[in-house]
Amino acid sequence: MMMTHKEAPSAENVSPEWQDKIMHACLELDDRLLMGSDCPPGYFETPQGFYVQISIPEIAEAERLFHALAENGKVKMAIAQTFWSSR
């Protein structure tokens, strides 16, 4: 699920430059939720040392999720076999 500010009930209270920013995003992984949003002005801090790691037992599903999460992102370590995992 992903909702922009212009899709929210309070859209008229948001400035035009923030209408297309993400208000709520939710990625459901089995019984877990990964949630996020764009930081409003005054709250943003440049992220440092942030990584996402998800354990997926099936290689094909791990590769599918990796490529979906990597889309339009910056990948520091591509999905590959390691000493701790087959992917």
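A contact here means heavy atoms within 4.5 Å. By that criterion, residues 24 or more positions apart account for 14% of the protein's contacts with a separation of 6 or more.

Before selecting anything, note that this is a predicted model, in which local features need pLDDT of at least 70, side-chain atom pairs count only at pLDDT 80 or more, and totals for chains, interfaces and linings use all residues. Residues are numbered from 1 along each chain as its sequence is written, and side-chain values use heavy atoms, with hydrogens and water left out.

**Whole chain**

Show the C-alpha trace. It spans about 50 × 25 × 20 Å along its principal axes. The radius of gyration is 16 Å, whereas a compact globule of 87 residues would have one near 12 Å. That radius is taken over C-alpha atoms, and the globule rule is 2.2 Å times the number of residues to the power 0.38.

Now switch to a surface. Its accessible area is about 7600 Å², and carbon and sulfur atoms hold 54% of it. The areas come from the Shrake-Rupley method with a 1.4 Å probe; for residues, only the protein chains shown count as cover. Buried residues are 15% of the 87. Buried means under 20% relative accessible area, exposed means over 50%, and partly exposed lies in between (1.4 Å probe, protein chains only).

**The sheet**

Go to cartoon view. The pattern along the sequence is β-β-β-α. Helices (H or I, at least four residues) and strands (E, at least two) are DSSP runs, numbered from the N terminus.

Zoom in on strands 1 and 2. Strand 2 covers residues 22–29, and three bridges join it to strand 1. Two strands pair if DSSP finds at least two bridges between them. Met2 stands opposite Ala25 in strand 2.

**Leu33**

Next, pick Leu33 in strand 3. Is Leu33 buried or exposed? It counts as exposed, at 53% relative accessibility. Leu33 touches Cys26, Leu27 and Glu28, leaving aside residues up to four places away in sequence. Then draw a distance to Ser15: 29 Å, C-alpha to C-alpha, for 18 residues of sequence.

**Asn72**

Finish past helix 1 (59–70), in the segment where Asn72 lies. Asn72 is not a glycine, yet its phi is positive, about 65 degrees. Asn72 is exposed, with a relative accessible area of 78%.
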